[in-house]
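I keep these notebook entries for a reader who is new to this structure. Each entry records what I looked up and what I found.

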Amino acid sequence: MPALTFEVAPLQLAPAAAGALAYATRARTLRARGHPVPGWRQACWYGGTALVTVTLVSPLAGLSDQLFLAHMVEHLLIADLGALLLVLGLTGPLLQPILAVPALAWLRVFTHPVVALTVWSVDFYVWHLPVLYQGAVENDYVHALEHMLFVACGMAMWMALLGPLPKPAWFGNMARLVYIVAVRLIESVLANVLLWSGTTFYPRYAAGERLWHVSPDADQATAGAIMMVEGSIVTICLFGWLFWRAARESDERQELVELAAARGVELSEQRAARAVAAGRGDALRRRILESGEPR
C-alpha cells in the first residue's frame, strides 16, 4: 500500500491565510463599533477556511496527484462545500470596505445570478479540459491558479443565491429554484460523461492508477459518481432551505400587512413582499411602528 503523507503548498494556502486575517480584522473592527458579526456566520467562514486548508494539506492532496477520483473529491471540498461555507460567513458590513473602493465596484457584477452562473460554468468546464486539468497536476503555479479560480467562481455562484448583497427584483423563490436546478444540471452533464463515456480523458493518472490497482475507467467513473452524489445531497439541502425560506417569508409578509393595517399605515402586499425578499422586513416593521398609530 503506497504511503500517504501531509503536504504544504504555500501558493495554495496563502489566499486562505490572507482571507482569514482580513476577516478577523474586519470582524474585530465591527465588534468594537457595536455591530458584531453573528457567531454562526463567523463559524461558517472559519469552518470554510479550515475545510479548504485541511483539504490542501491532508494526504488527499498527495493522493489527488495519483488518482482522478481523489482530485475530484479535493475540488468538491474546496470549490463547492468550502466556497458555500465562506459565502455563508459574509455580511454586508464585512464587505463594505471592499465595495466602497471605486476601483473595485466592478466586482458587484459577479454577484448577479446570470453573470455568476455563466462565469462559474465557464470556469468549471474550462478547467476540466484535459490539457488544463492535467497541466495543473504537473505545474504548481497552474495548480494554485486552478484552485483559486475554483474557489473564487464557486463563491460567486453561491453569492448570487445566498450572499448578503441585494438581489435583482426578479430573483424570487421560483427563480432561485431554477438557479439551483441549473447549477446541478451543469454539473450533472460532466458527471454523466465521466461516468458513462468509457473513454479515458486524463491519461496522466495512469501511473497512479497502476500503483493503486485501479483501472482508468473505474477511476474516472467513480469520480463522476462522487460528483453526482455530492451534488444530489447539496441540492436536496438547498431545496429544503428554499421551501423553509418561502414559508418564513409568507408568514413575515402577512405579519407586516396586518401590523400596517392595525397602525393605520398603507402597505401593499407587493411592497411587503419586496422588503421581506430583500431581508429588510425588520426595517419596514420599525418604520410602520414609528409612523403609525394603533387603531
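Predicted model: local features only at pLDDT ≥ 70, side-chain atom pairs only at ≥ 80, totals over all residues.

Which residues form a positive surface patch? I found that the patch is formed by Arg271, Arg274, Arg280, Arg286 and Arg287. The elements that give two or more residues to this patch are helix 12 (269-277) and helix 13 (281-291).

Residues are numbered from 1 along each chain as its sequence is written, and side-chain values use heavy atoms, with hydrogens and water left out.

**Entry: terms for the patches**

I wrote down that patches are made of residues with over 30% relative accessible area and no salt bridge, where like charges are joined within 9 Å and nonpolar side chains (Val, Leu, Ile, Met, Phe, Trp, Tyr) within 5 Å. Lys and Arg count as positive and Asp and Glu as negative, while His and the chain ends are not counted. The place of a charge is taken as NZ of Lys, CZ of Arg, CG of Asp or CD of Glu. Accessible areas come from the Shrake-Rupley method with a 1.4 Å probe, and for residues only the protein chains shown count as cover.

Arg286 is partly exposed, with a relative accessible area of 49%; the term covers values between buried, under 20%, and exposed, over 50% (1.4 Å probe, protein chains only).

I also looked up a nonpolar surface patch, and found one of about 340 Å² made by Val122, Val126, Leu129 and Val131. Val126 is found in helix 6 (residues 113-127) and is partly exposed, at a relative accessible area of 32%.

**Entry: the whole chain**

How many helices and strands are there in the protein? I found 13 helices and zero strands, where helices (H or I, at least four residues) and strands (E, at least two) are DSSP runs, numbered from the N terminus. The C-alpha atoms fill a box of roughly 80 × 40 × 35 Å, taken along the principal axes.

Of the 295 residues in the protein, 42% are buried, and the protein exposes about 15100 Å², of which carbon and sulfur atoms supply 68%. Among contacts (heavy atoms within 4.5 Å) between residues at least 6 apart in sequence, 76% join residues at least 24 apart. The protein has 22 positive and 23 negative side chains, and the centres of the two sets lie 14 Å apart.

**Entry: salt bridges**

Side chains of opposite charge can pair when their charged atoms come close. A search of the whole structure finds seven salt bridges, each being a side-chain nitrogen of Lys or Arg within 4 Å of a carboxyl oxygen of Asp or Glu.

I looked up the salt bridge in which the side chains of Arg184 and Asp80 meet, at 3.5 Å from N to O. This pair links distant parts of the chain, with Arg184 in helix 9 (residues 173-196) and Asp80 in helix 4 (residues 68-88), 104 residues apart. Both Arg184 and Asp80 are buried.

Glu249 forms a salt bridge with Arg245, and their closest N and O atoms are 2.7 Å apart. Glu249 and Arg245 both lie in helix 11 (residues 216-263), four residues apart, about one turn of the helix.

The side chains of Arg285 and Glu255 meet in a salt bridge too, at 3.8 Å from N to O. This pair links distant parts of the chain, Arg285 being in helix 13 and Glu255 in helix 11, 30 residues apart. Arg285 is partly exposed at 22% relative accessible area, and Glu255 is partly exposed at 46%.

**Entry: two further residues**

Is His147 buried or exposed? His147 lies in helix 8 (residues 140-162), and I list His147 as buried because its relative accessible area is 4%. Leaving out residues up to four places away in sequence, His147 touches Gln12, Leu56, His71, Glu74, His75 and Ile78.

Asp123 has its place in helix 6 and counts as buried at 8% relative accessibility. Not counting residues up to four places away in sequence, Asp123 touches Leu149, Phe150 and Cys153.
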